[in-house]
Amino acid sequence: MTQDFRLGDVASITAGQTFRGRSETDGEIGFAKLLQIKDVKEGVYPGGDLPWAAVEEERLTLRLRGGELLLPLRGNRSDTMLYLKRNEVPTTTPNQVA
């Protein structure tokens with residue numbers, strides 16, 4: 001007999017950072033890096049040069065930690081990516097990613 005589980009039954013689910021407009025800066029240095037929905041690919045996050053998030057330190061509500069699974073919440077993609085923290089710079093993601 002197979003028992004069905006919901007993802008929320010076995011994991012804590014959190015939506016990303018809410019932005020009041022543009023989520024990334026225009027190249028300015030900021031407080032946190034931004035991992036966007038387009039960066040979510042199947043497998044393990046390979047690292048790379050992410051843009052700075054347009055958010056001040058006191059308004060940052062979500063900081064990604066190593067070992068978290070990222071799931072896109074828009075479109076019909078079913079990619080799941082494992083995020084491994086690679087440096088001490090805080091990284092966040094918009095609310096289109098859980």
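Me: Exposed means over 50% relative accessible area, buried under 20%, and partly exposed in between, with a 1.4 Å probe and protein chains only. Is R59 buried or exposed?

Reply: R59 is exposed, because its relative accessible area is 55%. This is a predicted model, in which local features need pLDDT of at least 70 and side-chain atom pairs count only at pLDDT 80 or more, while totals for chains, interfaces and linings use all residues. Residues are numbered from 1 along each chain as its sequence is written, and side-chain values use heavy atoms, leaving out hydrogens and water.

Me: Where is R59 found, and how many Å separate its C-alpha from that of Q17?

Reply: R59 belongs to the loop between strand 2 and strand 3; strands (E, at least two residues) and helices (H or I, at least four) are DSSP runs numbered from the N terminus. The C-alpha atoms of R59 and Q17 lie 9.2 Å apart, although 42 residues separate the two in sequence.

Me: What pattern does the chain follow?

Reply: The pattern is α-β-β-β-β-β, that is, one helix and five strands. The C-alpha trace spans about 55 × 25 × 25 Å along its principal axes.

Me: Which strands form the open sheet, and in what order?

Reply: Three strands form an open sheet in the order 2-4-3, with mixed pairing. Strand 2 (43–44) and strand 3 (68–70) each have a single partner strand, so they stand at the edges and one side of each has no neighbour in the sheet. Two strands count as paired if DSSP finds at least two bridges between them.

Me: In which sense do strand 3 and strand 4 pair?

Reply: Strand 3 pairs with strand 4 (residues 81–83) in the antiparallel sense, over three bridges. L69 is opposite L82 of strand 4.

Me: What does E68 touch?

Reply: E68, a residue of strand 3, touches R63, M81, L82 and Y83, leaving aside residues up to four places away in sequence. Touching is a contact, meaning heavy atoms within 4.5 Å. The side chain of E68 also reaches the backbone nitrogen of R65 at 2.8 Å. That is a polar contact: a pair of N or O atoms within 3.5 Å, where within protein one must be able to donate a hydrogen and the other to accept it, and residues adjacent in sequence count only if both atoms are side-chain atoms.

Me: Now E42: buried or exposed?

Reply: E42 is exposed, with a relative accessible area of 56%. It is located in the loop between strand 1 (33–34) and strand 2. Beyond residues up to four places away in sequence, E42 touches S78, D79 and T80, and its side chain reaches the backbone nitrogen of T80 at 3.3 Å.

Me: And T93, buried or exposed?

Reply: T93 counts as buried, because its relative accessibility is 1%. T93 is in the segment after strand 5 (91–92). A polar atom of the T93 side chain lies 2.7 Å from the backbone oxygen of L35. With residues up to four places away in sequence not counted, T93 touches G16, Q17, L34, L35, L62 and L64.

Me: What percentage of the chain's residues count as buried?

Reply: Of the 98 residues, 32% count as buried. Among contacts with a separation of 6 or more, 70% join residues 24 or more positions apart.
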